[in-house]
Amino acid sequence: MATIFSRIVAGEIPSYKVAEDDRFYAFLDINPLAKGHTLVIPKQEVDYLYDLDDETLQGMILFAKQIAQKIKAFSGCKRVATVVLGLEVPHAHIHLIPMNSEKDVDFSREKLILTPEEFAEIASALRE
Ligand code: AMP
């Protein structure tokens, strides 16, 4: 069965798309730690990031870099944290999270609750 992230790529489940090319897709995390918290995934359905072939992994990091630059400009954060957890959804993904201190990347913290309009505005700003 397709993962929830593959179903997002296929358009079967809605997402707040940030970027897409032939191999990768980026969209806002629905339970964000901060405004701009984005997930980057390969379209290829692979569970564990380091099971990706070298060329795809390289491409994914470069794809994530472009988005991280946009997140930084959008949020004015000091850095964009790059986090790989991946136990909840069995489809490789990189979290990109605006951060000003290490506390901003504590996944046990309460997540932001944003309205659909806020999500749409953030995704639109990151797509520009
Ligand atoms: P993890 O596998 O631990 O990296 O967590 C998976 C992440 O995917 C969590 O931060 C979820 O909030 C996020 N997530 C799960 N389903 C969706 C969805 N349909 N749209 C956006 N983000 C999602």
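A polar backbone atom of Val-89 sits 3.2 Å from an oxygen atom of the ligand. In this predicted model, local features need pLDDT of at least 70 and side-chain atom pairs 80 or more, while totals for chains, interfaces and linings use all residues. Residues are numbered from 1 along each chain as its sequence is written, and side-chain values use heavy atoms, with hydrogens and water left out.

For Ile-30, a polar backbone atom is 3.2 Å from a nitrogen atom of the ligand. On its own the ligand exposes 510 Å², and the protein buries 87% of that (accessible areas come from the Shrake-Rupley method with a 1.4 Å probe).

The shell around the ligand has 16 residues, and Asp-29, Asn-31, Glu-88, His-93 and His-95 come nearest (near means a heavy atom within 4 Å). Sorted by type, the shell holds 10 nonpolar, 4 polar and 2 charged residues (Ala, Val, Leu, Ile, Met, Phe, Trp, Tyr, Cys and Pro count as nonpolar, Asp, Glu, Lys and Arg as charged, the others, Gly among them, as polar).

H1 gives the largest share of that shell, 3 residues (helices are DSSP runs, H or I, of at least four residues, and strands, E, of at least two, numbered from the N terminus).

## Aromatic pairs

The whole structure has 5 aromatic pairs (ring centres of Phe, Tyr or Trp, its six-membered ring, within 6.5 Å). Phe-5 and Phe-27 make an edge-to-face pair, 5.3 Å centre to centre with 75 degrees between the planes (edge-to-face means over 60 degrees). This pair links distant parts of the chain, with Phe-5 in helix H1 and Phe-27 in strand E2, 22 residues apart.

Note on methods:
A polar contact is a pair of N or O atoms within 3.5 Å; within protein, one must be able to donate a hydrogen and the other to accept it, and residues adjacent in sequence count only if both atoms are side-chain atoms. Rings of Phe, Tyr and Trp (its six-membered ring) pair if their centres lie within 6.5 Å; planes under 30 degrees apart count as stacked, over 60 as edge-to-face and the rest as tilted.
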